[in-house]
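Here is a short report on a predicted model. Please look over the sequence and structure before reading on.

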Amino acid sequence: MDDVHIVWHRRDLRVHDNKALFEATKDHTKSILPVFIIDPFFFSEDRLDSDDRILFMFECLEDLKQSYRNLGIHMHIYFGDSVEIISKLQKKYRAKVHYNFDSSMLYGYSRDNKVKLNKNFIGYQNDALVRDGPSRIAWAKQAQDYFDDNIYTLNKTKTYKGIVQEKQIRLGKVAQKYNLKKKQTYPLRGGESIALTHLDEFISKHISLYSRSISKPELSKLNCSRLSAHYSLGALSPKYAYQRVMASKHSKRTKDFYVTRLFWREHFTQKLEDYPHAQQKAINPICNVEREKNQKYTDAFFKAQTGFPIIDAALRCLIDTGWLNFRSRAMLASFYSLILRQHWKDGADFMHRHLVDGDIAINYQQWQMQSALVGVHPLRIYNPRKMIEEHDSQGIFIKKHLEVFRNVKEVEYLCEPQKYAYQLKSQYGIILGEDYPKPIVNFEKEAKETRALVKEKLDEIRASLNDPNFLKKASFSKLRKFRKNERKEKAKRKLEEKNKDTSQKSLGDFL
Ligand SMILES: Cc1cc2nc3c(=O)[nH]c(=O)nc-3n(C[C@H](O)[C@H](O)[C@H](O)COP(=O)(O)OP(=O)(O)OC[C@H]3O[C@@H](n4cnc5c(N)ncnc54)[C@H](O)[C@@H]3O)c2cc1C
């Protein structure tokens, strides 16, 4: 008997473009039981997800429940060990369990390995990843095929059969049990229906201003899509968003600017799939410029008290809202690892704990890139003064996030508070060292030292780029080039050998 089809939701909190759900509902005479299991593992002591991120996920679940209700199906949420619960349900209903393959997380791997051999569990590929594949050389094509593939759409005119279960958990109860509290003012609620509406609004009103705004910490809040948290929990399908953007009437350049980032998203996920240790270990330790742990530095950073207004404003924005634009994230990572020269992973953990869109694959590998721990990118040190001049030239972002500077009109005071200590005190009553910290380091001196340290290691870094095993972890494109060169060299050698052969033969003919 396989009259019941269970849809086991994980990081795919949506009904639209969901392959597992699509396959499970193909035969709509069978009953559908959509399930999500909240594993106590989510709440372990060393968890990286903030209360706000978990509550955002709960919002996605409420929204998903409602979408199912609209289809006449009850979705069920359980609490406990995922594999134990899903296996019990499978046995109870002698059901087929449909699920989309997950990615990147060690927890996910071990969970899925336990059900992999059970023929009643059917996993589907619903993303651009190559799993257990021999080579990543053709990755770009695989990703493009994914983005161009059909969207899995449910037939809403059909009547679906659901199952009503007795024992379920209420999300409010879980929130209460773990004392989860909203602390941040994240701009969007979680949920597929919200993401879909927001995506349309972004395409119609903001995408044309997107490329001009993305690096500006304040303007990016308005004109970036801000859908990262939805993508990271699968409440919005990147493929659906890609096709929606590509079908719009905007210029190719405008559309490409956005959809390239959706490729990057898949690309980082693929890289972590290939090298899961990137969350813990430096990809190319040769480039490390870290010094001894300095408690004063790390405390100042984590408390947004570094004495550099643009750095502290970015940190406050991260802590208070759970979101930050790309450039500010990059600036923070680079400041922590290349100026304070503290251990990159502590910084990455800190950022992850405050991001509502926290994504292991992107966050940890971006931290490595910005900390010069990959070795294939140029050294990126962001000068805080230049960041203000170029991206917050009226100090709007700083003043929004640092109360102390709210009334300061002169942007140069925000660029170099120490230089204008007298004016800050006499004009605004702000005493450096009391109302706002003095800079914890001399930026120029530290930047110079880091550059010199990296320069010393340049030969070693270059040599590491000739190792295909390393390139697999660091850069698909460089690996592709390396392989191409390798093939060229081989062909050249073969040709030389052949020419040598024929020349010898002809020489022999003479002798
Ligand atoms: C140090 C550092 C840490 C980061 N950590 C995360 C993270 O944990 N989670 C996360 O989603 N993004 C992360 N990013 C990438 C980027 O900053 C965010 O995706 C983006 O700011 C989210 O805002 P948005 O949704 O408005 O993005 P948009 O600019 O509207 O972009 C659309 C989508 O493309 C994807 N995307 C955008 N930029 C990148 C990128 N550089 N690499 C990969 N995918 C990208 C995201 O899914 C994003 O939602 C990080 C960047 C840096 C430098």
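## Ligand shell

Domain 2 (192–271) and domain 3 (285–456) each give at least three residues to the shell around the ligand. In this predicted model, 27 residues surround the ligand. The closest are Cys224, Ser225, Ser228, Arg261 and Asn363. Helix H9 (228–232), helix H11 (252–274), H14 and helix H16 (360–370) are the elements that supply two or more shell residues.

By class, the shell holds 13 nonpolar, 8 polar and 6 charged residues.

## Domains

The assignment for the protein chain lists domain 1 (4–155 + 166–177), domain 2 (192–271), domain 3 (285–456) and domain 4 (478–510). Between the C-alpha centres of domain 3 and domain 4 the distance is 53 Å.

## Helix H17

Helix H17 spans residues 384–391, and its buried residues are Pro384, Met387, Ile388 and His391. Viewed down the axis of H17, these buried residues fall within an arc of 105°, so they line one face of the helix. An α-helix has 3.6 residues a turn, so residues three or four places apart point the same way. Lys386 and Glu390 are exposed on the other side of H17.

What do the buried residues of H17 pack against? Their partners are helix H13 (309–321), helix H14 (326–339), helix H19 (411–415) and helix H21 (443–456).

## Nonpolar core

The largest nonpolar core has 110 residues. Ile6, Val35, Ala314 and Leu332 have the most contacts inside it.

Leaving aside neighbours within four places in sequence, Ala314 is in contact with Pro217, Leu324, Ser328, Met331 and Leu332.

Conventions: Residues numbered from 1 in each chain as written. Predicted model: local features only at pLDDT ≥ 70, side-chain atom pairs only at ≥ 80, totals over all residues. Buried ≥ 20, exposed ≤ 12 C-beta atoms within 10 Å, placed from the backbone. Helix = DSSP H or I, 4+ residues; strand = E, 2+ residues; numbered from the N terminus. Arc of directions from axis to C-beta. Contact = placed C-beta atoms within 7 Å. Core = buried A, V, L, I, M, F, W, Y, C linked by C-beta atoms within 7 Å. Domains from an automatic or database assignment. Near = placed C-beta within 6 Å. Nonpolar A, V, L, I, M, F, W, Y, C, P; charged D, E, K, R; others polar.
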